[in-house]
Amino acid sequence: MSKLFGIAGLAAVLALGCGGEVGGAGTGGAAGMGGNGATGGNGATGGTGGTGATGGTGATGGTGGMPAECAAPASHPGPYKTTFDLFSTNSRPVYIRQSCGLEWSISSCADGFTKSLPHSADCMESCSAPAYGGCLACGACMWSAKQIGPQHQSIEWSGLTYEYGTNSAGCSCYKSFDAPAGRYQITIPIYSSEDAAINGGQPIYVATEEFVIPAPNGVVHVEVTVPEW
């Protein structure tokens, strides 16, 4: 079931140490002490403390990027493409705003669902692509609205997240990453009318739904029914 939006990391520090001490030279007897200095070389064994750095394997959480409480099983690597099936049981229709794409956001359990993850790279080129000196020219998108109820609407997510930057030609570019298997939340502002959605009205409800990727059959059902409306 949907719920009102409740808006919520990972660093590993590896340390490696080694040490040793060499005894001084002197008389014959002191030379024996020099041998003891070699024993100080055993301090290098302290370097095995570097094995503690295997604690860095915890950073393999970085391969998933998810703490244990947010992880989800996956039988294959990402990206985990996902379709969100939006439906409403209200007696009258509700609306979702659309410009270049539908208005929605996604967040991760990894930071307590507190930060919106970039899920689109429209009108940009990959930062790894050759820069030819010209940026992509994209026109403005018209505002519109999609009705939900009685018909369903769907949102497609590639399963990728993005970092944005600038290439050598000074154009906006992106780097893409597979969103790791785990728990996420989608958030969708819902409007009472087409006019409110198109002309900057305030949403009457914010639908949220927690889900996991990979999702069963790649589909997540999201109820956007507005309570007491």
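**Disulfides, sheet and cores in a predicted model**

Modeller: In this predicted model, a disulfide joins Cys70 to Cys109, with an S to S distance of 1.9 Å.

Colleague: Why is the disulfide of Cys70 and Cys109 called left-handed, and what does the pair tie together?

Modeller: The torsion about its S-S bond is about -60 degrees, and therefore the disulfide is left-handed. Cys70 lies in the loop between helix H2 (61–64) and strand E2 (82–87), whereas Cys109 lies in the loop between strand E4 (105–108) and strand E5 (125–126), so the pair ties together parts that are 39 residues apart in sequence.

Colleague: How do you know whether Cys70 and Cys109 are buried or exposed?

Modeller: Buried requires a relative accessible area under 20%; Cys70 has 2% and is therefore buried, and Cys109, with 10%, is buried as well.

Colleague: What makes Cys123 and Cys138 a disulfide, and which hand does the link have?

Modeller: Their sulfur atoms are 1.5 Å apart, which falls within 2.5 Å, so the two cysteines form a disulfide. The torsion about the S-S bond is about 115 degrees, so this disulfide is right-handed. Cys123 lies in the loop between E4 and E5 and Cys138 in the loop between E5 and strand E6 (144–148), so the parts tied together are 15 residues apart in sequence.

Colleague: Why are Cys123 and Cys138 called partly exposed?

Modeller: The class lies between the 20% limit for buried and the 50% limit for exposed; Cys123 at 35% relative accessibility therefore counts as partly exposed, and so does Cys138 with a relative accessible area of 47%.

Colleague: How do you know the class of each cysteine in the pair Cys127 and Cys173?

Modeller: Cys127, at 25% relative accessibility, counts as partly exposed, while Cys173, at 1%, counts as buried because its value is under 20%. Their S to S distance is 2.0 Å, and with 90 degrees about the S-S bond the link is right-handed.

Colleague: What is the pairing when the bonded cysteines are numbered in sequence order?

Modeller: For the protein chain the pairing is 1-3, 2-8, 4-7, 5-10, 6-9.

Colleague: Why are E8 and E9 said to pair?

Modeller: Pairing requires at least two bridges, and seven bridges join E8 to E9, so these antiparallel strands pair. They belong to an open sheet of three strands in the order E5-E9-E8, with mixed pairing, in which E5 and strand E8 (160–166) are the edge strands, each pairing on one side only.

Colleague: Which residues touch the most other members of the largest nonpolar core?

Modeller: Of its 31 residues, these are Phe84, Leu86, Trp104, Ile155, Ile188 and Phe211. The elements giving two or more residues to this core include E2, strand E7 (153–157) and strand E10 (182–190). Leaving aside neighbours within four places in sequence, Trp104 is in contact with residues including Phe84, Ile155 and Ile188.

Colleague: How confident is the predictor over residues 1–63 and over the protein chain?

Modeller: The mean pLDDT of the protein chain is 78, and 72% of its residues reach 70 or more, but pLDDT stays under 50 over residues 1–63.

Key: Residues numbered from 1 in each chain as written. Predicted model: local features only at pLDDT ≥ 70, side-chain atom pairs only at ≥ 80, totals over all residues. Heavy atoms only, no water. Helix = DSSP H or I, 4+ residues; strand = E, 2+ residues; numbered from the N terminus. Buried < 20%, exposed > 50% of the residue type's maximum accessible area, 1.4 Å probe, protein only. pLDDT = per-residue confidence, 0-100. Contact = heavy atoms within 4.5 Å. Core = buried A, V, L, I, M, F, W, Y, C linked by side-chain atoms within 4.5 Å.
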